[in-house]
Amino acid sequence: MRIDILTVVPALLDGPFSHSILKRAQDRGLAEVHVHNIRDYSLHKQKQVDDYQYGGGAGMVMTIEPIARVIDQLKSERDYSEVIYMTPDGEVLEQALCNQLSLGGNLILLCGHYKGVDERVREHYITKEISIGSFVLSGGELAAAVVADSIIRLIPGVLNDETSALTDSFQDNLLSPPVYTRPEEYNGWRVPDVLLSGNTALVEKWREDQALKRTQERRPDLLD
Ligand code: ADE
């Protein structure tokens, strides 16, 4: 899978894809992430990518021309299953959507800035709009990194233990149970006996019970 991220601040995306699991996924050829500076596609002398909004009002709006140019160029090179605009008024990201996107093809993620993009971009180029939650970020870059991370880790072979994405919180509408590691006792705080019992069936039952309890306490909405 290939993910192309379109932004006016590419430096904001330098970090997330250069380390750990997301770097390894790319090194193994399982995912490709390409970051494009929308400014490079501006035909203005000053590489302008925004302008005042029609009708007046504070705040600049990202213009359609450079965005259209980069999307047209990418689409002429390969197929994309979605062109996604990161925006607080989009569909709120949930695990089911991450699963669906990870099974699809290549993606374009457009990061908004300023007051947003000219509505004609959304009408004519965007096929899906995603919000990562009911709060406003300074731009879509961090949200795009969240979306790309949540998708790439689901690609088979990206996680070393292939089952571990399946046992993530949310995959079965349950939160994950608590986990422990050495030492057995710290400061008088002991690891639950059942986990030291060596009885796999009992451990499994305990984990299921804990997952259910935690979900009931913290996210009862997931059980509806
Ligand atoms: N851009 C600004 N805020 C955002 C959010 N919550 N989700 C996605 N993109 C955004």
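Which element gives the most residues to the shell around the ligand? Strand S5 does, with three residues. Helices (H or I, at least four residues) and strands (E, at least two) are DSSP runs, numbered from the N terminus.

This is a predicted model, in which local features need pLDDT of at least 70 and side-chain atom pairs count only at pLDDT 80 or more, while totals for chains, interfaces and linings use all residues. Residues are numbered from 1 along each chain as its sequence is written, and side-chain values use heavy atoms, with hydrogens and water left out.

**Ligand surroundings**

Around the ligand there are 13 residues, of which Thr87, Ile132, Gly133, Phe135 and Leu137 come nearest; a residue is near a molecule if one of its heavy atoms lies within 4 Å of it. By class, the shell holds eight nonpolar, five polar and no charged residues. Here Ala, Val, Leu, Ile, Met, Phe, Trp, Tyr, Cys and Pro count as nonpolar, Asp, Glu, Lys and Arg as charged, and the others, Gly among them, as polar.

| Residue | Distance from a ligand nitrogen atom to a polar backbone atom |
|---|---|
| Threonine 87 | 3.2 Å |
| Isoleucine 132 | 2.9 Å |
| Phenylalanine 135 | 2.8 Å |

A polar contact is a pair of N or O atoms within 3.5 Å. The ligand taken alone exposes 260 Å², and the protein buries 96% of that; accessible areas come from the Shrake-Rupley method with a 1.4 Å probe. Strand S5 (82-92) and strand S7 (128-131) are the elements that give two or more residues to this shell.

Strand S1 (residues 2-7) is largely enclosed by the rest of the structure, because six of its six residues are buried. Buried means under 20% relative accessible area, exposed over 50%, and partly exposed in between (1.4 Å probe, protein chains only). In a regular strand the side chains alternate between the two faces of the sheet. Both faces of S1 are covered, with Arg2, Asp4 and Leu6 buried on one side and Ile3, Ile5 and Thr7 buried on the other.

S1 pairs with strand S2 (residues 32-37) in the parallel sense over six bridges; pairing requires that DSSP finds at least two bridges between two strands. Histidine 36 in S2 is the bridge partner of leucine 6.

Leucine 12 lies in the loop between S1 and helix H1 (20-27) and is partly exposed, with a relative accessible area of 41%. Its C-alpha is 42 Å from that of proline 192, at a sequence separation of 180 residues.

The domain assignment, automatic or from a database, gives domain 1 (2-152) and domain 2 (169-223). The C-alpha centres of domain 1 and domain 2 are 37 Å apart.

Technical notes
Polar contact = N/O pair within 3.5 Å; in protein donor to acceptor, adjacent residues only side chain to side chain.
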